[in-house]
Amino acid sequence: MPRQAVVSAVAVFAALALTWGAAAEIASQDVIFADDGSIAQSLSGQAGDAEQGARIYADKSSGNCVACHAIADRTDAEFQGTIGPALDGAGDRWAVAQLRGIVADAKQTFPESMMPSLYKTSGYVRPGDGFTGKSGTEPLPTLLSAQQIEDVVAYLATLKE
Amino acid sequence: MLTQIRLSGLAMACLMSLPAMAQTAPDATDPIIINDGELQLETVASTPEHLEGVLPELYSGWLFRDSETQAMQTDDFENPGMIFVDQGIDDWNMVDGNAGKSCASCHEGIESMKGVRASMPRVNGDGQLWSMEDYINDCRVERMQAEALDWNGDRMKNMTAAISVQSRGMPMDVAIDGPARPFWEQGKDMYYTRYGQLELACANCHEDHYGDWIRADHLSQGHTNGFPVYRLKQAALVSQHNRFRGCIRDTRAETFPMGSDEFRALELYVASRGNGLPVEGVSVRH
């Protein structure tokens, strides 16, 4: 095969992979929640990375789940919150699809929940520009990306008692 | 099989769909004993009528602070806010503006301000809701012909601190009926509005979850009877509107300006939630 053909075949393949990647990610406004608040499909089209999810869970500037939740073996997180239930055993209590629904938009599972919606971009009262106190313009960036949600969900699924 | 899983999932969801609430009473409710007993401030008060069924009791924010921070408020020499009270008193006695007057020229000793803090904010003769800052600036501009002070500037905070201390120990008692009612309703709406991208209302934190920890912060009922407070983190006095601004900003929302009508209304409503708690200003917070 001439060298050029190989190069262009690779290019086509790469372009295809990109399109597939893009098509597979479900945008915030296209997410379909089942009646019970669960989401069947991966939001990123990829599997989640539990190790990465464990980091995002405790990271103040991304997941910051520790602000409200505690997990017994997370001694690495200096302060753990008590607003939400402890998440030990969350992977026993909930199926993956339900965990995904809770992390993406907990209010679909628990109406009126205090838990923020992490994959939502509009419909806010006085939306801000991050923590600046200034006004932000909807659609706002989601608090976590599709892949970050998948990672956190993968982590939660490992929490068994 | 599938329906069964679905059903049990639903049952679970229903079970858990009552908003998770945890109003946790503080371990102890000792009074704040200041200067070895010179003054004793109760830290618990019974719920005002308008909050019956909402809060079982009112608790001072002091109860939710660590013991070191608490201790600083029990001795006026240890309380870093008291320096600013002294500065405010100096300003009270200082002639300023084209009329050649000081506050003392009209009001005499600052003790004459006793009771003022407990009833602020209040509707004035023209039907506007005014905070203490507005009354101070009205005197300065109209009677002293001096420039208005910045809402959140040091001189204003010192002055509100000096005036607040005169009411220490008096129960908070803001009027919420008559002309105050529409402002109070506006403030109440704000208190229950879930602002910002985090969609959190004042009530989520200070009504449903006082006593809980939000990361390293121990949530209180969010009362204002200690304001202006001295905040160790900022090493400065903090005004009520600045505190409101911080709490709203932390919900990833567009906040309201200090000195805005919205914050005056919120100030009235929040003050009314503390009706019955003694004025503590100047409190110490971390």
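Where does Val282(B) sit in chain B? Val282(B) is in the loop between helix H10 (261-273) and strand E11 (284-285) of chain B. Helices and strands here are DSSP runs, numbered from the N terminus: H or I of at least four residues for helices, E of at least two for strands. The peptide bond from Gly281(B) to Val282(B) is cis, with omega near 15°.

Ground rules, quickly. This is a predicted model: local features need pLDDT of at least 70, side-chain atom pairs count only at pLDDT 80 or more, and totals for chains, interfaces and linings use all residues. Residues are numbered from 1 along each chain as its sequence is written, chains are lettered from A and ligands numbered from 1 in the order in which they are written, and side-chain values use heavy atoms, with hydrogens and water left out.

Chain A has a cis bond too. It runs from Glu138(A) to Pro139(A), with omega near -5°. Pro139(A) is in the loop between helix H4 (96-105) and helix H5 (146-157) of chain A. Arg126(A) also lies in the loop between H4 and H5 of chain A. Arg126(A) is not a glycine, yet its phi is positive, about 50°.

Chain A brings 39 residues to the contact and chain B brings 30. Contact means heavy atoms within 4.5 Å. The buried area between chain A and chain B is about 3,200 Å², with 60% from carbon and sulfur atoms. Buried area is the accessible area (1.4 Å probe) that two parts lose on being put together, summed over both. Which three residues supply more than any other three of the area that chain A buries against chain B? Met114(A), Arg126(A) and Phe131(A), with 23%.

The cut-off: a side-chain nitrogen of Lys or Arg within 4 Å of a carboxyl oxygen of Asp or Glu. Lys120(A) and Glu199(B) form a salt bridge through their side chains, at 3.1 Å, N to O. On the side of chain A that touches chain B, the residues are 17 nonpolar, 13 polar and 9 charged. The classes: Ala, Val, Leu, Ile, Met, Phe, Trp, Tyr, Cys and Pro are nonpolar; Asp, Glu, Lys and Arg are charged; the others, Gly among them, are polar.

Over all chains, the structure holds 18 salt bridges. One of them joins the side chains of Glu150(A) and Arg100(A), at 2.9 Å, N to O. Glu150(A) is in helix H5 and Arg100(A) in helix H4 of chain A, so the pair ties together parts that are 50 residues apart in sequence.

On to helix packing. Axes are lines fitted to C-alpha atoms, for helices over the stretch in contact, and angles run from 0 to 180 degrees between N-to-C directions. Under 35 degrees counts as roughly parallel, over 145 as roughly antiparallel, 65 to 115 as roughly perpendicular, and the rest as oblique.

Chain A first. The axes of helix H2 (residues 50-58) and H5(A) come within 7 Å and cross at roughly 100°. H2(A) and H5(A) are therefore roughly perpendicular. Among the residues that meet are Tyr57(A) in H2(A) and Tyr155(A) in H5(A). That contact has 7 nonpolar, 3 polar and 1 charged residues.

Then chain B. Helix H5 (residues 132-143) and helix H6 (residues 154-165) of chain B pack at about 110°, axes 10 Å apart. H5(B) and H6(B) are therefore roughly perpendicular. Their contact counts 5 nonpolar, 3 polar and 3 charged residues.

Last pair. Helix H9 (residues 240-249) of chain B crosses H10(B) at roughly 100°, with the axes coming within 10 Å. That makes H9(B) roughly perpendicular to H10(B). The contact residues include Phe244(B) of H9(B) and Phe263(B) of H10(B). By class, 5 are nonpolar, 2 polar and 3 charged.
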